[in-house]
Amino acid sequence: MKKYRIIIIIFFSLILSGCYNYRELNDLNIVSGVGIDKDGDNYLLTVQTINTSKQTSEDKTANPKIRTYNISAPTIQDAFRQLITLSAKRIYAEQNAVLIINEEIAKESFNEVLDIFFRDSESRKEYSVLISQNASSNEILETLTISETINAISIQKRLEKENKFLGYVNNVTFNDLMYTYLNDYTEIALPGITIIGNGKTGKNIENVESSNPDTQITLTTIGVFKKDKLVGWLNKEESLAYNFIKNKINNTVITNKCDTDNHISIEIINSKTKIDVDNKKNLIKINIKSNANINEITCHVNLEDPNVISNLEKDINDNIKNNIQNTIKKVIDEFNSDIFGFKDKLYKNNASYFKKYQNNDEILKQLEFDITVKVNLSEKGNIQGVINYEAKN
């Protein structure tokens, strides 16, 4: 009898259970991207949402996959509230893919932006955060893209892809951003995004009807922050160096000169960075070990000669090391920032180390660096280099 009671309880639990906050998809206006710009003294909020209405092949142009709402208000919270009056459906932010903050806001201070999104209880905080560079976030979110009908999702996918295969872009989620922002011993670094072409025409359907659109969205490099303000940008080589230091290189291509007129391109396929600190000596030790393949070489060298491989490795090691040294110097001397987290490592190694400094920024100027780079050319790629060498000899 007891067994039957258990079966009955389980049966009714299954057929009667449900989510307490369940909502019909068609009742929701699902947010895919959010942009924040300045509009005079106001904030301009751009919200991109996914059109969940059923579409036929005849009405795809008239009924696009995305819709954007633009609201100008004194505060971001006020703008979000006014959004309710523009949408008949409930705004649902849990699936948001990107948050794009205008460069001008980031230069002034984005405390208010971080505060409002940090307090938001509906979103998952796993959306990517970017800084719009030389373009408004409004223009970026309204630009139609070929690869994805929902361009906010396209931006997030490109971030992930370029971070994995190029090495000079960093993908930062809002959770990552807040973790860094609340840490007194490291600074924020965020990826940039901009538009190539005319931002005004990018929202026209004709832009994606061409195989080579006049207006395109592109990722740039890494923006450097000091506390809550954007203070400058790294170039591509410096952004690559940043990711080497942060142990975020998955795959990238590095091109070096191997003689006066010719080059070698190698593909980093595996890279590990280890950072050790010596508080007493104010020393940061950076050790990088990478495996690489030779993808292309136009020099007339014999790749079967171990001495040739050894010299190529040395040149590549020196190139990466010099780039890292110059990037660290620029970030510390020009921006007075520590986006690498050196101070955080010193603090975790010995918290009392900071007691002798009134301002922990003073530590940056005292630091010495011992950088070791070891790239192992494990594969020679194809035999083109050998062919060139033998043809010449």
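**Burial and salt bridges**

Modeller: Lys348 has a relative accessible area of 60% and therefore counts as exposed (over 50%; buried is under 20%, partly exposed in between, with a 1.4 Å probe and protein chains only). The model is predicted, with local features requiring pLDDT of at least 70 and side-chain atom pairs 80 or more, while totals for chains, interfaces and linings use all residues. Residues are numbered from 1 along each chain as its sequence is written, and side-chain values use heavy atoms, without hydrogens and water.

Biologist: With which residue does Lys348 meet in a salt bridge?

Modeller: Side chains of opposite charge can pair when their charged atoms come close. A salt bridge requires a side-chain nitrogen of Lys or Arg within 4 Å of a carboxyl oxygen of Asp or Glu. Here the partner of Lys348 is Asp344, at 3.1 Å from N to O. Both residues belong to helix H10 (residues 342–349), 4 residues apart, about one turn; helices are DSSP runs of H or I with at least four residues, strands are E runs of at least two, and numbering starts at the N terminus. Asp344 is buried, at 12% relative accessibility.

Biologist: Which parts of the chain does the pair Glu187 and Lys226 link?

Modeller: Glu187 and Lys226 form a salt bridge at 3.5 Å. Glu187 lies in the loop between H7 and strand E7 (189–196), and Lys226 in strand E8 (residues 216–226), 39 residues apart. Glu187 is buried at 9%, as is Lys226 at 15%.

Biologist: Which residues are linked in a network of salt bridges?

Modeller: The network links Glu187, Lys226, Lys343 and Asp361. The structure contains 11 salt bridges.
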